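Dear colleague,

Please find below the structure that I am handing over to you, followed by a short account of what was found in it.

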Amino acid sequence: MDRTAERHGPGQALALAHGAFNVVGGLWPLAHLRSFTWVFGPKTDVWLQRTTGGLLVSAGLAQLAAATEPHGPAHARRVGLGTALTLLAVDLAYVPRGRIRPTYLLDAAMEVAWIAAWLRAPRPRRPARTRRVRRAARHPRTHP
């Protein structure tokens with residue numbers, strides 16, 4: 001294991017991969033709505049597609065930035081699980097109703113994979129300094 005992985009923990013690579021996936025997925029409808037709608041179907045509310053794309057880019061950038069911070073992998077995990085669970089719920093709710101195309105089930109499969117990856121990965125540990133500060137707060141010392 002390299003020094004970067006030792007410093008930041010096991011979730012760093014997962015945070016980078018999921019963050020990149022979310023950025024690319026969010027940019028697609030923003031950069032080329034025509035190809036996006038060819039795959040996923042025409043949209044009556046283009047503004048909603050662009051809003052969702054922007055939010056995915058934001059979530060992905062947060063994961064990418066967090067990956068190299070001391071508390072970052074834990075933050076990237078929370079953002080990743082929240083994003084994946086939300087997208088999965090939308091895919092599973094609206095494909096059966098015919099509101100969105102069955103191609104969204106490909107996205108659902110990817111979201112399940114991200115959820116499984118985050119749940120299988122060891123949970124990021126808090127840095128030792130944070131644990132000491134919290135312990136000290138519970139047991140304050142008195143000064144003479």
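The protein chain exposes about 9600 Å², and carbon and sulfur atoms supply 63% of that area (Shrake-Rupley method with a 1.4 Å probe; for residues, only the protein chains shown count as cover). The model is predicted: local features need pLDDT of at least 70, side-chain atom pairs count only at pLDDT 80 or more, and totals for chains, interfaces and linings use all residues. Residues are numbered from 1 along each chain as its sequence is written, and side-chain values use heavy atoms, with hydrogens and water left out.

Of the 144 residues in the protein chain, 35% are buried (under 20% relative accessible area, 1.4 Å probe, protein chains only). The chain has seven helices and zero strands (DSSP runs, numbered from the N terminus: H or I of at least four residues for helices, E of at least two for strands).

Helix 5 covers residues 72–94, and its end C-alpha atoms are 33 Å apart, which agrees with the 33 Å that its 23 residues should span at 1.5 Å a residue (1.5 Å times one less than the number of residues). Its buried residues include Gly72, Leu81 and Asp91.

Asp91 is buried yet has no salt bridge (a side-chain nitrogen of Lys or Arg within 4 Å of a carboxyl oxygen of Asp or Glu). The nearest side chain of opposite charge to Asp91 is Lys43, 9.1 Å away (Lys and Arg count as positive, Asp and Glu as negative; His and the chain ends are not counted). Leaving aside neighbours within four places in sequence, Asp91 is in contact (heavy atoms within 4.5 Å) with Pro96, Ile100, Tyr104, Asp107, Ala108 and Glu111.

Yours sincerely

Terms used: Buried < 20%, exposed > 50% of the residue type's maximum accessible area, 1.4 Å probe, protein only.
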